[in-house]
Structure formats: structure tokens, C-alpha cells
Amino acid sequence: MAKTVYVLNGPNLNLLGTREPKTYGRATLRDIEKLCREAGRRHKFELEFRQSNHEGQIVDLIHEAAASKAAGIIINAGAYTHTSVAIRDAVTAVEVPVIEVHISNIFARESFRHHSHIAAVAKASLCGFGIGGYALAIDGLAALIEARRKS
Ligand code: CA2
């Protein structure tokens with residue numbers, strides 16, 4: 001049975017491609033989904049690609065991924081990255097490996113974006129690769145799963 005990977009997107013990411021192209025590029029969330037599906041196919045992952053503007057909904061999606069025994073979660077929690085203890089706790093509460101991704105380099109931006117509540121409890125984090133970071137995160141997750149299988 002194919003392994004399922006959840007790709008979770010937080011608030012305002014549904015607006016990608018409409019504004020702030022200097023920071024986030026011109027790609028839309030649909031483009032990111034396409035990129036993730038291509039990366040997922042290379043590793044024979046099934047993909048659940050979701051977006052929500054609501055903190056509790058993102059917590060629910062993390063629980064859903066765990067309940068459905070997902071192989072991993074790729075999460076761009078958007079601005080909740082910098083504020084949400086609830087999302088951090090949800091990541092801690094599940095055994096599913098979580099990889100944090102950001103389109104922009106959050107450390108090269110405003111100081112309030114420098115702290116991530118998720119980074120310390122994620123398996124890995126990456127930022128600043130543009131939307132390509134999502135595909136890199138899927139490749140990285142596949143490598144982690146393979147390394148765990150061999151150990
Ligand atoms: O770089 C990232 O991926 C972020 O997670 C994006 C978030 C931001 O709050 C984080 O600090 C870094 C914002 C996503 C919403 O982006 C917009 C898209 C179109 C128009 C306005 C904002």
C-alpha cells in the first residue's frame with residue numbers, strides 16, 4: 001500500500017501568486033500542489049494537499065494525518081509558525097515525522113518571523129528555497145524514511 005504524505009498549508013497561502021511576488025514569487029498554491037504531486041510520485045507517495053486559514057483546523061489536520069498513519073507531514077504553517085503553541089503541541093503529540101517548510105527565508109525578514117514554534121519539534125526545517133522547498137522537503141522525508149527502514 002502506498003504511503004501517504006500530508007502537505008499542510010496555513011493562513012493566506014491560498015492567496016499566493018496574487019500579491020507580494022518579490023517575497024513569495026508568482027506561483028500559486030495550485031502550482032505548489034502540482035510540484036508536490038510530481039515530487040510525491042517520484043517517491044511513490046500518495047498526497048493529501050490541504051490549506052486552512054484556521055489554527056484549530058490545522059491542528060485537526062495534524063491529528064488526521066496521525067490517525068490515518070501518514071508517513072509524514074510537510075507543513076508551512078504560515079504566520080502561525082511564529083505564534084501557535086497549539087500547532088507546536090499537535091506536532092509534538094503525533095509520532096508522524098514533520099518537516100517544516102517556508103517559501104521565504106524567514107531569518108532574512110522581520111525579527112518577529114525569526115522564531116518558529118515548530119522548528120524545535122520538527123524533524124527538519126527548510127526555508128528560502130522558494131516553492132522548490134516543498135519538493136526538497138518531500139525528497140528529504142523520503143530519505144529519512146529510507147534511512148529509518150535500513151537502521
Ligand atoms: O515564507 C513562508 O512560506 C511563510 O510561511 C509565509 C507566511 C509568512 O507569514 C511566514 O512568516 C513565512 C505568509 C503566507 C501568506 O503569503 C501571502 C501571499 C499572498 C499575499 C500576501 C501574503
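Author: In this predicted model, Ala, Val, Leu, Ile, Met, Phe, Trp, Tyr, Cys and Pro count as nonpolar, Asp, Glu, Lys and Arg count as charged, and the others, Gly among them, count as polar.

Reader: How many charged residues are in the lining of the largest pocket?

Author: The largest pocket, with a volume of about 430 Å³, is lined by 20 residues, and Pro-11, Asn-12, Leu-13, Glu-20 and Tyr-24 are those that lie nearest its centre. Sorted by class, this lining has eight nonpolar and eight polar residues, and the number of charged residues is four.

Reader: Which space is taken by the ligand?

Author: The ligand has 18 residues around it, and Asn-76, His-82, His-102, Ile-103 and Ser-104 come nearest. This shell divides by class into eight nonpolar, six polar and four charged residues. As for the space that the ligand takes, it is the largest pocket.

Reader: What distance separates a polar side-chain atom of His-82 from an oxygen atom of the ligand?

Author: Polar contacts are pairs of N or O atoms within 3.5 Å, and the side chain of Asn-76 has an N or O atom 2.8 Å from an oxygen atom of the ligand. For His-102, a polar side-chain atom lies 2.9 Å from a ligand oxygen atom. For His-82, the distance from a polar side-chain atom to an oxygen atom of the ligand is 2.7 Å.

Reader: What percentage of the ligand's accessible area does the protein cover?

Author: On its own, the ligand has 510 Å² of accessible area. Of this area, the part that the protein covers is 94%.

Methods: Residues numbered from 1 in each chain as written. Predicted model: local features only at pLDDT ≥ 70, side-chain atom pairs only at ≥ 80, totals over all residues. Heavy atoms only, no water. 1 Å grid on protein atoms, 1.4 Å probe; cavity = no way out; pocket = protein on both sides within 12 Å on 5 of 7 lines; lining within 4 Å. Points joined across faces, edges and corners; volume = space filled by probe spheres on them. Near = heavy atom within 4 Å. Polar contact = N/O pair within 3.5 Å; in protein donor to acceptor, adjacent residues only side chain to side chain. Areas by Shrake-Rupley, 256 points an atom, 1.4 Å probe, with all protein chains shown as cover. Sits in = over half its atoms within 2 Å of the grid points.
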